[in-house]
Amino acid sequence: MKFSIPRGTFDLLPEGMKSGQKWRESSRWHFVEEQMRQLAFDYGYQEVRTPIFEYTSLFVRGIGEHSDIVSKEMYTFVDKGSRSLSLRPEGTASVMRAFVQGGMQSRGVFRKLFYMGPFFRYDRPQSGRYRQFHQFGAEMIGDPLPIRDFELIEMLCELYRRLNVKISPVKINSLGNAQSREAYVHHLRDYLSAHLDQLTPEGRKRAQNNPLRFLDSKDPKERELLKGAPSLLDFCDHESRLHFDILCGLLEKGNIPFCIDSQLVRGLDYYSRTVFEVDTEDLGAQNAVGGGGRYDGLLAKFGGSDLPSIGFAVGMERILSVMECQGCEIPPAPVPFVLFIPKGEQADQYVLSLLYRLRCQHIPSEMVAAKTLSKALQIANQLRARMAIVIGDRELEERRVCLKEMHSGAKSEVGISDLFSFLIQRWEEDGL
Ligand code: HAM
């Protein structure tokens, strides 16, 4: 039987990938994660870590019973205590629960939280769509103003800028408030009812149960039909429309390329007012590299104060793929600056203490014990070490070592008593 390795996880080797590539793969993840963490700190966010699984009811209540995510894509199971639990399909609902249950409200009503980690959706896997994938997300709780919408969209665009990822203009829309949305849904349902014969069975179900979800349809005929459907923005209440217009003005003045997509609703039911999504041209069908929106009523659903909130999440696998497609530069993984080849018991002891001192100075250093010198040098090459030093009993006796620059092959001698300070100096000159 052929063992198939789940894709989308970075610690397992996808088929066809060589072991050397695996090593480079995780260093690419580290780079992207560091950029995300730094961005979050620059914008004043603190990290929140929520459980990998939660009560199923949390997602049903938060994301919406009729959303694809809840109705089809959750990994749900019953535990030994007969509780229904689900692997988290997204982060917003869990962050809201943690915010309420963790008593964060008492520590002030404005809060910025970010997270990073694995999420799970049972969908047909394809390039860019995995059953286990990773998101970086940011949630801002407690401010209703459109300047916050701008700040968040700017932060999302800043992430792509820092990673050198080219994106399409940010798609934005407003879902209005609950009442205006209801009025819109009424009209949309009427429109769809008049065209029921043109809908797929799935489309008919959506048109009846949750017409807003119909706007997510990917079916080409249904997309064509949607061109004549009523527009959400035309139904927006006055305040939401004003909020949206202010946001558009801020984006224009802030030089953030955007376009209005009046049928953008996104696949989760908790959104209100602003929604946005970022695509790239380089990823084929699964081209959304990030998205989010306002979810002003969600916190109250979990028993919290009715604090207006807004957030986004980005798919980390998709970001890494698009970086590869677009040839974005990723700094190479650290390699040993110096690699020691100890020979003999006394030398082992000496090298161990030198390695410890160098590592305390954050200088990546390594040692290798091999049967022959040529084998040891071969390993030094594989590890892409900058220099190699053989230390045996003879070198300790003569108080001198021979240092080989791995790149040029040049050799030089250094006195043992100066070796540590020599290596520190070389690191300061050209190691960083
Ligand atoms: P979402 O649009 O469902 O939003 O997911 C955000 C991003 O996660 C997508 O744009 C995509 O890059 C990535 N993604 C989603 N599903 C998969 C998958 N199966 N495989 C690989 N990548 C995937 C949310 O999850 C909301 N919680 C975002 C949010 C935060 N809204 C407000 N706050």
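Is Arg 148 buried or exposed, and at what relative accessibility? In this predicted model, Arg 148 counts as buried, because its relative accessibility is 19% and the cut-off for a buried residue is under 20%.

View 1. The side chains of Arg 148 and Glu 151 meet in a salt bridge, with 2.7 Å from N to O. Both residues belong to helix 5 (residues 146–163), where a spacing of 3 residues separates them by about one helical turn. Glu 151, at 18% relative accessibility, counts as buried, as does Arg 148 at 19%. A further salt bridge joins the side chains of Asp 149 and Arg 294, at 2.8 Å from N to O. Because Asp 149 lies in helix 5 and Arg 294 in strand 10 (residues 288–294), this pair ties together parts that are 145 residues apart in sequence. Asp 149 and Arg 294 are both buried.

**View 2. A salt-bridge network and a partly exposed pair.** Asp 42, Glu 158, Arg 161 and Arg 162 are linked in a network of salt bridges. Elsewhere, Glu 366 forms a salt bridge with Arg 359, in which the closest N and O atoms are 3.7 Å apart. Glu 366 is partly exposed, with a relative accessible area of 30%, and Arg 359, at 41% relative accessibility, likewise counts as partly exposed. The count for the model comes to 29 salt bridges.

**View 3. Arg 213 and its polar contact with Asp 269.** Arg 213 lies in helix 8 (residues 211–214) and is buried, with a relative accessible area of 3%. The side chain of Arg 213 makes a polar contact with the side chain of Asp 269, at 2.3 Å.

**View 4. A patch of negative charge on the surface.** Glu 345, Asp 348, Asp 393 and Glu 397 gather in this patch, and the elements that give two or more residues to the patch are helix 14 (345–360) and helix 16 (393–398). Asp 393, which is found in helix 16, counts as partly exposed at 37% relative accessibility.

**View 5. A nonpolar patch on the surface.** Ile 52, Phe 53 and Phe 77 form this patch, and together they have about 250 Å² of accessible area. Phe 77 is found in strand 3 (residues 76–78) and is partly exposed, with a relative accessible area of 34%.

**View 6. Two arginines with positive phi.** Arg 384 has a positive phi of about 55° although it is not a glycine, and Arg 384 is found in the loop between helix 15 (373–382) and strand 14 (387–392). Its relative accessible area of 41% makes Arg 384 partly exposed. Arg 399, also not a glycine, has a positive phi of about 60° and has its place in the loop between helix 16 and strand 15 (400–405). Arg 399 is partly exposed, with a relative accessible area of 47%.

**View 7. Helix 13 and the glycine that follows.** Helix 13 (residues 316–325) is mostly covered, since 7 of its 10 residues are buried. The buried residues of helix 13 are Met 316, Glu 317, Arg 318, Ile 319, Leu 320, Val 322 and Met 323. Just after helix 13, Gly 327 takes a positive phi of about 65°.

**View 8. Ser 174 in strand 7.** Ser 174 has its place in strand 7 (residues 170–174) and is buried, with a relative accessible area of 1%. Ser 174 and His 66 are 108 residues apart in sequence, and their C-alpha atoms are 21 Å apart in space.

Definitions and conventions
Residues are numbered from 1 along each chain as its sequence is written. This is a predicted model: local features need pLDDT of at least 70, side-chain atom pairs count only at pLDDT 80 or more; totals for chains, interfaces and linings use all residues. Side-chain values use heavy atoms; hydrogens and water are left out. Patches are made of residues with over 30% relative accessible area and no salt bridge: like charges are joined within 9 Å, nonpolar side chains (Val, Leu, Ile, Met, Phe, Trp, Tyr) within 5 Å. Accessible areas come from the Shrake-Rupley method with a 1.4 Å probe; for residues, only the protein chains shown count as cover. A salt bridge is a side-chain nitrogen of Lys or Arg within 4 Å of a carboxyl oxygen of Asp or Glu. Lys and Arg count as positive and Asp and Glu as negative; His and the chain ends are not counted. The place of a charge is taken as NZ of Lys, CZ of Arg, CG of Asp or CD of Glu. Helices (H or I, at least four residues) and strands (E, at least two) are DSSP runs, numbered from the N terminus. Buried means under 20% relative accessible area, exposed over 50%, partly exposed in between (1.4 Å probe, protein chains only). A polar contact is a pair of N or O atoms within 3.5 Å; within protein, one must be able to donate a hydrogen and the other to accept it, and residues adjacent in sequence count only if both atoms are side-chain atoms.
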